[in-house]
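Morning, everyone. Here is the model for today, on the screen. Please take a look, and then I will walk you through it.

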Amino acid sequence: MQALKRPCLCALMLLAAIAAFAPRTHAESLTITSTPPGATIEIDGAAIGVTPYTIDYPSSYFHKPHTVFSSRLEHAVILKIHKEGYTSQQITLTDGPLQWISVTGRRHGNYFLLKGDHFDFRLEQLSEASAKTPTPGGNSGASSERSGPLMKASLDAAQAAASTVTFTSDPSGAEIYVDGKFVGQTPSTISMQPGPHAVVVKAAGRKNWQRDLDVLKDSQVALHPVLDVQP
């Protein structure tokens with residue numbers, strides 16, 4: 001009888017140890033700055049804010065996951081930064097795909113790692129010569145003088161028309177996808193153009209939360225998805 005109880009007791013002790021020492025999802029911050037500040041930041045094609053900007057990610061997005069309890073970044077992250085009057089820049093923030101293999105040799109799929117926790121961009125100002133590039137069959141000086149204010153007005157109108165959606169979630173640290181593109185992680189405030197958008201919020205071990213969101217002009221919306229545990 002004791003021989004039967006001993007394996008059960010060992011199993012319970014092992015489960016208790018796993019629960020006690022399983023790593024919790026600690027957050028680390030990714031910071032994006034620029035010179036000059038105030039540049040628009042796009043992640044995977046979606047605008048998420050302006051510099052300086054800080055967003056929290058799970059620590060396993062920066063370091064190799066060691067256990068099955070770690071969340072992992074399952075896609076590349078491409079960042080583009082631009083500001084009127086300056087050259088734009090685009091880089092891939094991640095290394096990968098990398099294979100996640102446990103100490104037992106079991107494969108847990110691929111993952112990506114962020115290359116750092118702080119990216120600083122120095123934007124080069126466009127020269128007056130490039131801003132006044134002659135157009136075929138036209139007067140370069142007059143064309144630039146007329147089109148410059150019109151272009152600035154249209155950009156200002158587009159920026160003014162953008163609305164914001166603030167995402168928080170239970171649990172925190174869930175990934176946000178807008179129209180199929182990864183745009184950040186909760187909590188975040190995302191700039192979105194007016195109109196219909198498909199929003200999906202994902203977290204490991206939870207059911208996806210998805211909604212069709214109709215964003216109104218100059219609106220500020222707050223969403224707090226509660227993601228149910230997968231059975």
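Let's start with a pair of side chains. Arg72 and Glu74 meet in a salt bridge, at 3.6 Å from N to O. By salt bridge I mean a side-chain nitrogen of Lys or Arg within 4 Å of a carboxyl oxygen of Asp or Glu. Side chains of opposite charge can pair when their charged atoms come close. How many salt bridges does the structure hold? One.

Before I go on, some ground rules. This is a predicted model, where local features need pLDDT of at least 70 and side-chain atom pairs count only at pLDDT 80 or more, while totals for chains, interfaces and linings use all residues. Residues are numbered from 1 along each chain as its sequence is written, and side-chain values use heavy atoms, with hydrogens and water left out.

Back to the pair. Are these residues buried or exposed? Arg72 has 25% relative accessibility, so it counts as partly exposed. Glu74 has 54%, so Glu74 counts as exposed. The cut-offs: buried is under 20% relative accessible area, exposed is over 50%, and partly exposed lies in between, with a 1.4 Å probe and protein chains only.

Three strands form an open sheet, in the order 4-1-9, with mixed pairing. Strand 4 (53-58) and strand 9 (118-122) are at the edges; each has a single partner strand, so one side of each lacks a neighbour in the sheet. Strands here are DSSP runs of E, at least two residues, numbered from the N terminus. Two strands pair if DSSP finds at least two bridges between them. Strand 1, residues 27-35, runs parallel to strand 9, and five bridges join them. Thr31 stands opposite His118 in strand 9.

At 35% relative accessibility, Asp56 counts as partly exposed. What does Asp56 touch, beyond its neighbours within four places in sequence? Ala27, Glu28, Ser29 and Gln185. Contact here means heavy atoms within 4.5 Å.

Last stop, a hairpin. Strand 7 and strand 8 form it, with five residues between them. Gly105, in the turn, has a positive phi of about 90°. Thanks, everyone.

Note on methods
Helix = DSSP H or I, 4+ residues; strand = E, 2+ residues; numbered from the N terminus.
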